[in-house]
Amino acid sequence: MKPVGFSRERSEQNIGYGVAAFASYGLSVIVTITAFTACIGPHKPMPTQQSQAAQPPTAAETDREPESVNQAADESAPSLIVPPFTVPPVAQAPAPTTPTPDDVPVLEVKPVPVEAAYESYKTVQAMTATKTDTPIMETPVSVQVVPQQVLKDQQAVRLETALENVSGVIQAGFNQGSSDGFLIRGFGSNNIYRNGVFMPDALGGGTTKREVANIDRVEVLKGPGSILYGRTEPGGIINTVTKQPLATPYYSLQQQFGSYSFYRTAIDATGPLTKDDTVLYRFNMSYENSGSFRDFVDKKSVFLAPVVRWNLSPRTQISAEYEYHHFNEVLDPGIPPLGNRPAPVSRSLYVGEPLNSKNVGDRHFVGLNWSHQFTADWTLSHRLSAELFDFSTQSLFFGAAAPDGSLDRFFNNAPVQKSNRYQTSLNLTGHITTGVLNHTLLVGYDYFYFDDKFKGNNCCTAAPAFNIFSPPI
């Protein structure tokens, strides 16, 4: 085309450039929309009435539409090359589904009951101080109780282990293999009570240590209030309360191991013998085989203690109890003094004669107890018991050692010893009210008789020479 004048040529140029710019701008918009549509993935527009009425284009029209656009672009604008690219399709997220009650699995869980028991060291009431079941806070004397839980936690197998918890009570010098001996407020005593029954040692020596397998608790009455029991020192008394039958079945098997070849097995079983709980039982047993840090000292013992209670009525009960204790122990005379102090020797040194320092015997205890409650305020109770000992004691004693270590020793042999004790007590307990004051009245009678028979005693026979610094092999 030949231009006619400057102004027209400029206008035609402006028009041509404007058309090319507009075509280029439109093409870029189409490419952008196409890329954006590819990125967001396939979509389906909402149908309208017009779209539903319109016929879909044919395949030939679809193929020719980009060609016409390209031809128009070639005629009106310079060539624009768009590199081909492929956008990966975005996967569609699965549509969320709402679970139905039938799709959810149902698990049946059975309830599991959990019970926790807390055993306290606290004891509210005691029998020893007044011979009646009185709260300790209302008792006008000093009484201290070592309950069953303390005995379990300490694994006590000796009475002295339990009494370590009581103030004012320490072991006495004669608390050795064949005797329980303690000092209560400075007064020595080797007499122990059992359920309020006097249980003394034999005359001329001990019998054996008390077995704790059937002891439920230990009560200590301190001070001159112990005169209530008579036949005791004013320092106080030690009263062991034994285990009684329970209506709820209970079974326990205990095995203990300790230093110096200590082995002990204990059994505790209780429960009803009849369906109506009118007859109850309790059985305690223990077997011990133990050594010592001292040479040649050992102990073997067997203990059985059955109890049967018959509940004749809610107000009347009868109990029969039995104890059998077999003991075989080597007695330990201890470390001899040298001057005013113990001799400087090994603590394991044994200065006795193992074959001639033994305490072997059997103990039988039989008891019958009954009580009847006349009214809610008056109760009559009666205890009748017998304790029979048959044992042989061979011991050795000595004095102070000489400066060179020589020690004079002497035998004290009693091959046949018998000790029989009989006891009975009858108590009437009542509660009286006078105005605003409540009183507990106790009227009772105690009888105790013992007969010790020693046969074949052979005392003060010289033993072979012994030197603590060079003991014989």
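**Stop 1: K209 and D180**

Select K209. This lysine counts as buried, at 7% relative accessibility. Trace the chain on either side of each partner. K209 sits in the loop between β8 (197-199) and β9, and D180 in the loop between β4 (169-171) and β5 (182-184), so the pair ties together parts that are 29 residues apart in sequence. Keep in mind that you are looking at a predicted model.

**Stop 2: E288 and R158**

Move to E288. How far apart are the closest N and O atoms of E288 and R158? They are 2.6 Å apart, and the two residues form a salt bridge. Is E288 buried or exposed? At 1% relative accessibility, E288 is buried. R158 has a relative accessible area of 16% and is buried too. Colour the two by element.

**Stop 3: K418 and D390**

Next, select K418 and D390. They form a salt bridge, with the closest N and O atoms 3.4 Å apart. K418 lies in strand β21 and D390 in strand β19 (residues 378-398), so the pair ties together parts that are 28 residues apart in sequence. K418 is partly exposed at 33% relative accessibility. D390 is partly exposed at 39%.

In general, side chains of opposite charge can pair when their charged atoms come close. The count for this model comes to 19 salt bridges.

**Stop 4: S226**

Go to the loop between β9 (215-222) and β10 (236-242) and pick S226. Is this serine buried or exposed? S226 counts as buried, at 1% relative accessibility. Draw a distance from its side chain to the backbone oxygen of E233: the value is 3.2 Å. Then show what surrounds S226. Beyond four places in sequence, S226 is in contact with L221, T232, E233, P234, G236 and I237.

**Stop 5: N340**

Select N340, in the loop between β16 (337-338) and β17 (341-342). N340 counts as exposed, at 77% relative accessibility.

**Stop 6: the nonpolar patch**

Keep the surface on. Select W370, L388, Y422, L426, Y445, Y447 and Y449. Together they form a nonpolar patch on the surface, with about 680 Å² of accessible area. Two elements each give two or more residues to the patch: β21 (409-434) and β22 (437-455). Which element gives the largest share? That is β22, with three residues. Zoom in on Y445, found in strand β22. Y445 is exposed, with a relative accessible area of 53%.

**Stop 7**

Colour by pLDDT. Select residues 36-57. pLDDT stays under 50 along this stretch, and the model gives it six contacts beyond four places in sequence. Then select residues 59-79. pLDDT stays under 50 here too, with seven contacts beyond four places in sequence. Across the protein chain, pLDDT averages 80, and 75% of the residues score at least 70.

**Stop 8: zoom out**

Show the whole chain as a cartoon. It has five helices and 24 strands. Of its 473 residues, 33% count as buried. Look at contacts between residues at least 6 apart in sequence: 63% of them join residues at least 24 apart.

Note on methods
Residues numbered from 1 in each chain as written. Heavy atoms only, no water. Helix = DSSP H or I, 4+ residues; strand = E, 2+ residues; numbered from the N terminus. Buried < 20%, exposed > 50% of the residue type's maximum accessible area, 1.4 Å probe, protein only. Contact = heavy atoms within 4.5 Å. Patch = residues over 30% accessible without salt bridge, like charges linked within 9 Å, V, L, I, M, F, W, Y side chains within 5 Å. Areas by Shrake-Rupley, 256 points an atom, 1.4 Å probe, with all protein chains shown as cover. Salt bridge = Lys/Arg side-chain N within 4 Å of Asp/Glu carboxyl O. Polar contact = N/O pair within 3.5 Å; in protein donor to acceptor, adjacent residues only side chain to side chain. pLDDT = per-residue confidence, 0-100.
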